[in-house]
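Subject: Handover of a structure and findings

Dear colleague,

Please find below the structure that I am handing over to you. My findings follow it, and I would be grateful if you read them with the structure open.

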Amino acid sequence: MKNTLLIVLFSILSNSLYAGNSVDSIFTELDYTIENKQQYVQQKQERIVFIKKLITNDLPLLQKYHFNENLCHEYEKFNSDSAIYYAKTNRQIADALGKKDLSYAAQIQLTTLYSSSGMYRESESLLKNINSKRLSKELLSNYYEAYREFFEHYAINNRRNIYIQQIETYRDSLLIVLSPSSLKYQINLAEKNIYHRHIDTAEGNLLRLFRQVDKDNPDYAMIAYLLGRIYQEKQDTESAKKYYALSAIADIKNSIKDNASIQILALIYYDAGDIDKAYKFTQSAIEDAVFCNVQFRTIQMSEFYSIINTAYLDKEAKRKGQLQLYLLLISILSIFLILAVAYVYKQMKKVSGIRGELYTTNQKLVVLNNDICKTNDQLQERNVQLSESNHIKEEYIAHFFDLCSAYINKLEDYRKTLNKKATSKQFDELFKMLKSTTVVENELEELYRNFDNIFLNLYPTFVEDFNSLLFGEEQVMLKPGELLNTELRIFALIRLGITDSVKIAAFLRYSLSTIYNYRTKARNKAAVSRDEFEKMVMKIGAIPRKMN
């Protein structure tokens, strides 16, 4: 089934390819058809098996006759021996039925089968025993056609003019009884015109038939064959090859083993010097003739098969000699190639060693370069830190002197106030002032306010940047008027490099545990890594490094 589908698809493709009947596309299909002719044979055999299954023992003899007749037509030009068997069986059935017309029809079938199989005596004997006057018009046309084919087959062995004349005589008789509108009449008339050298007339009629007849019609191959003969007569080799090829394709697809076109193609290609194609076509023709047991085709092929086969063998011998020469040259070149490869391999090995050394050196350089880059990054980091530290020191030193001066003035004013109270002997007021912590608290507030101002002057975006490190709901919210609160001051001191909780506690006047709790709580609120939180705080407002 798969092969049948493939053939159908190829046929559709080939029809589209040679819509203009390109010779190349036609011969492409011919090559494919020859290679796959077994698939067409299988299709033929499937049809035959189907008909055979319809013939049962209880079938009436007349129906058996008609089924056998169909089988005989299927086997004709496919397998002569089988066709003869069914024609003989039909003759016996006709005699049993007492139907003379059916007996004559079977005998006429047998005569053609006998003559194509080389059984000329048997064929002639049957023909002479038939009384043509008792034949119907249809059987009479078959009778004349059988006689014509008998002399065509017999003339293959004996080319005497008398037999060729007999062919024409029976063709004329056939034309008389055939209907002028029938396809068989048109084909026989074309053959008559070719014989009498009315080439142009025959060509015109055959071209008209060629366009009208479907490719599946068995007569299509015959029409194409006759057109090939006409163009061969006209020495138009390309057109002749084209129509012979179309005829051969049709015969192979219809499993017609009596294929004259492919024989002539073999001769044309042999004359043209294309021994390969000539041999291929000859092989196909001989296979078909032997398969079908078409004696006269086998005789035809034997006349030139040995010539083509000898030419093919000579060409193969020359090819073999050329191949041996090429093998010798290839062997010599291979030796040089091996030596060249060995030399190149040796050089590549040296290069590979050098590359290995270069790679090792390069790796060392990469390591050194990475070390230098790391050292350079560390130096730059230190420079940034030093620069920032210097900047902070400059700011704080200036403010330190201002604060020191202000505190000295405040101490002096406070001393004067105390002295004044002591001089005035206002001891109750004096003791009250000495016991009061208001001054210290005010000064601490002033100190923290100054610290906040100085710090935010250095890092104006500290509060926003610090909050960006926390989750949204955990961010620090300052009260109105506040610059920094206790939590922010702790991390402001950390930003300034004071990371020791003891020092932070002393400056802010809190216990060590309080400072620790503030720091832990802030880390827990961090939107970033807890371990990286304080490191990221220390980078807030950092002076960016200069890129090289």
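Please bear in mind throughout that the model is predicted.

**Helix α22 and its surroundings**

The buried residues of α22 are I515, R519, T520, A522 and R523. These residues lie on the same side of α22, because they cover an arc of only 160° around its axis. The partners against which the buried residues of α22 pack are α20 (486–495), α21 (501–508) and α23.

R519 belongs to α22 (residues 512–524) and E534 to α23 (residues 533–537), so the bridge ties together parts that are 15 residues apart in sequence. Both R519 and E534 are buried.

**The chain as a whole**

The chain contains 23 helices and zero strands. Of its 548 residues, 39% count as buried. The accessible surface comes to about 32700 Å², and carbon and sulfur atoms account for 56% of that surface. Where contacts join residues at least 6 apart in sequence, 61% of them are between residues at least 24 apart.

**Other salt bridges**

In total, the structure holds 24 salt bridges. One of them pairs K280 with E35, with 4.0 Å between the closest N and O atoms. This pair links distant parts of the chain, since K280 sits in helix α15 (residues 275–292) and E35 in helix α2 (residues 23–35), 245 residues apart. How exposed are the two partners? K280 counts as partly exposed because its relative accessibility is 28%, between the limits of 20% and 50%. E35, with a relative accessible area of 60%, is exposed.

A further salt bridge joins the side chains of K192 and D172, at 2.6 Å from N to O. K192 is found in helix α10 (residues 183–195) and D172 in helix α9 (residues 161–177), so this bridge ties together parts 20 residues apart in sequence. D172 counts as partly exposed, at 30% relative accessibility.

There is also a network of salt bridges, which links R148, E149, E152, E168, R171 and E191.

S141 is located in helix α8 (residues 137–157). Is this residue buried or exposed? S141 counts as buried because its relative accessibility is 7%, which is under the 20% cut-off. Leaving aside residues up to four places away in sequence, S141 touches L174, V177 and L178.

**A nonpolar surface patch**

Which residues make up the nonpolar surface patch of about 1100 Å²? They are L323, L325, Y326, L327, L328, L329, I330, I332, I335, F336 and L339. One of them, L327, lies in helix α16 (residues 295–423). At 46% relative accessibility, L327 counts as partly exposed.

Yours sincerely

Methods:
Residues are numbered from 1 along each chain as its sequence is written. This is a predicted model: local features need pLDDT of at least 70, side-chain atom pairs count only at pLDDT 80 or more; totals for chains, interfaces and linings use all residues. Side-chain values use heavy atoms; hydrogens and water are left out. Helices (H or I, at least four residues) and strands (E, at least two) are DSSP runs, numbered from the N terminus. Buried means under 20% relative accessible area, exposed over 50%, partly exposed in between (1.4 Å probe, protein chains only). Contact means heavy atoms within 4.5 Å. Accessible areas come from the Shrake-Rupley method with a 1.4 Å probe; for residues, only the protein chains shown count as cover. Patches are made of residues with over 30% relative accessible area and no salt bridge: like charges are joined within 9 Å, nonpolar side chains (Val, Leu, Ile, Met, Phe, Trp, Tyr) within 5 Å. The arc is that of the directions from the helix axis to the C-beta atoms.
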